[in-house]
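Let's walk through a protein model together, one question at a time. Have a look at it before reading on.

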Amino acid sequence: MSGARLTVGAGVANVATGIPVLDHLLTQLALAGRFDLTLEIDPDDPESEVDAAGAALGSAAAPLLHADAHGDATVAADEALAMVVVERSGRPLVASNADLRGVGGLGSDMAARFLRSLADEAGLTLHVRLIEGQDTDHVLEAIFKALGVALARAASSTPSA
């Protein structure tokens, strides 16, 4: 059965999406954001697994974020540097300058699919900026680590008056 559990914790992850690169990236997200994450996706075609993983994480993250919660982070992974800004706007949107087609054996941009499903499910506006980076593995890791930190900051932000 597909689903996820996300709590503020020590960065412990138990992830099984069916896509090894996505499992690694979600583990990095949990570690960077200091979330305890359990996420399991029923086997399906890779694109559906990516969509389901994003939706499951969005569903698990939503209760941690009050309306108008926001957070941002700029994180490096070797030569790659990425910035992610998160806002619980209720108007799902992903704005990104990173195009990572073909990563993880997918014909589409796995990161974009994942982020879109996450944003839709949690009602997030996500801005992803790749500042620097050539190695695709490092770029993805920087983006997912920045997402983890940005989500953690959003989860700890105080509600607007």
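Here are some questions and answers on this model.

This is a predicted model, where local features need pLDDT of at least 70, side-chain atom pairs count only at pLDDT 80 or more, and totals for chains, interfaces and linings use all residues. Residues are numbered from 1 along each chain as its sequence is written, and side-chain values use heavy atoms, with hydrogens and water left out.

Q: Is Ser117 buried or exposed?
A: Ser117 sits in helix α3 (residues 110-122); helices here are DSSP runs of H or I with at least four residues, strands are E runs of at least two, and both are numbered from the N terminus. Buried means under 20% relative accessible area, exposed over 50%, and partly exposed in between, using a 1.4 Å probe and protein chains only. The relative accessible area of Ser117 is 14%, so Ser117 is buried.

Q: Which residues does Ser117 touch, not counting those up to four places away in sequence?
A: Touching means contact, that is, heavy atoms within 4.5 Å. With residues up to four places away in sequence set aside, Ser117 touches Asp51, Gly54 and Ala55.

Q: How far apart are the end C-alpha atoms of helix α2?
A: The expected span of a helix is 1.5 Å times one less than its number of residues. Helix α2 (residues 46-61) has 16 residues, so the span should be 22 Å. That agrees with the model, where the end C-alpha atoms are apart by 22 Å.

Q: Which residue meets Arg113 in a salt bridge?
A: A salt bridge here is a side-chain nitrogen of Lys or Arg within 4 Å of a carboxyl oxygen of Asp or Glu. The partner of Arg113 has its O 2.6 Å from the N, and that partner is Asp51. This pair links distant parts of the chain, 62 residues apart, with Arg113 in helix α3 and, in helix α2, Asp51.

Q: Is Lys145 buried or exposed?
A: Lys145 forms a salt bridge with Glu141, the closest N and O atoms being 4.0 Å apart. Both lie in helix α4 (residues 136-156), four residues apart, about one turn of the helix. Lys145 has 18% relative accessibility, so Lys145 counts as buried.

Q: How many bridges join strand β5 to strand β7?
A: Two strands pair if DSSP finds at least two bridges between them. Strands β5 (residues 80-87) and β7 (residues 125-132) run antiparallel, and the number of bridges joining them is seven.
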